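Me: I would like to go through the salt bridges of a model and check the labels given to their residues. Please set each value against its cut-off.

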Amino acid sequence: MDYVAGLLAQNRLLVDLLGEADLSMPVPTCPGWNLAQLVRHVGGTDRWAAVMIRTRATVVLDPRTIEGGRPPADRGDALAWLQESPRLLLEAVAVDPDVPVWTFTGPRPARWWVRRRMHEAMIHRVDAAFALGVEYPLEAVFAADGISEWLGLLTAQPGAGILPDGATVHLHATDEGLGLEGEWAIRGAADGIGWEHAHEKGDVAVRGAAADLLLALMRRIPGDDSRLQVLGEQEHWTRWLANTSF
């Protein structure tokens, strides 16, 4: 997957979606936020990551110290600021994509941030769509990669108690053409979780379109949404959702 092109595309879709929207509208899937705060968060985090990469930071920088980290007051200028933000990130990464920099999962190559920011822009585009009451088409391949990226984030951080030791969850995207990239076998352990792409039986299986699986994992739709089929020990699925907030 071309994460550079994907990040620019997701950002462009978000900017276009906001278009003439009233940025004071609340965002129900991000409690306490309105669309203006969503703009500030997405663009500001791109710029924060860009500075960390440019300075090769090995410790986290205070986002409040980032020059230009807040959007202009003018609405049109704020959307232009949002559109420019990922380009600053990509320019910083292009200098040395493999240089190790700080991330919240430990030191990673600078290019790690491109994939992370692409999925962040995609999910917040969905948030904006919910706020505006419009459709939010997500390509299955992007949604499936979003699931894998999310599981990678969880695996990289201490997560004792997410699932009982030895408990298994199987996620199965029903979209055609994904193959094993659309299946995830997750196993609980005393010190966190492990996962792999595999077609195997789990204590609980959750089936649905990749987009719906992703949105459930990210708590944008309920875990018992009618678009999902939950089979087996549903308490493992409930526990998973309760213990994997980000």
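Me: Why does Asp96 count as partly exposed?

Reply: This is a predicted model, and in it Asp96 has a relative accessibility of 26%. Buried requires under 20% and exposed over 50%, so Asp96 falls in between and counts as partly exposed.

Me: What makes the contact of Asp96 with Arg56 a salt bridge?

Reply: The closest N and O atoms of Asp96 and Arg56 are 3.6 Å apart. The cut-off is within 4 Å, so the pair qualifies. Arg56 is partly exposed as well, at 44%.

Me: Why is Asp145 called buried?

Reply: Its relative accessible area is 12%. Buried means under 20%, so Asp145 is buried. Arg115, with 24%, is partly exposed.

Me: How do you know that Asp145 and Arg115 form a salt bridge?

Reply: Their closest N and O atoms are 3.0 Å apart. Asp145 lies in helix H5 and Arg115 in helix H4, so the pair ties together parts that are 30 residues apart in sequence.

Me: What makes Asp127 and Arg220 a salt bridge, and are they buried or exposed?

Reply: The N to O distance between their side chains is 2.8 Å, which is within 4 Å, so they form a salt bridge. Both Asp127 and Arg220 are buried.

Me: How many salt bridges does the structure hold, and which residues are linked in a network?

Reply: The structure holds 12 salt bridges. Asp46, Arg116, Arg117, Glu120 and Glu149 are linked in a network of them.

Notes. Residues are numbered from 1 along each chain as its sequence is written. This is a predicted model: local features need pLDDT of at least 70, side-chain atom pairs count only at pLDDT 80 or more; totals for chains, interfaces and linings use all residues. Side-chain values use heavy atoms; hydrogens and water are left out. Buried means under 20% relative accessible area, exposed over 50%, partly exposed in between (1.4 Å probe, protein chains only). Helices (H or I, at least four residues) and strands (E, at least two) are DSSP runs, numbered from the N terminus.
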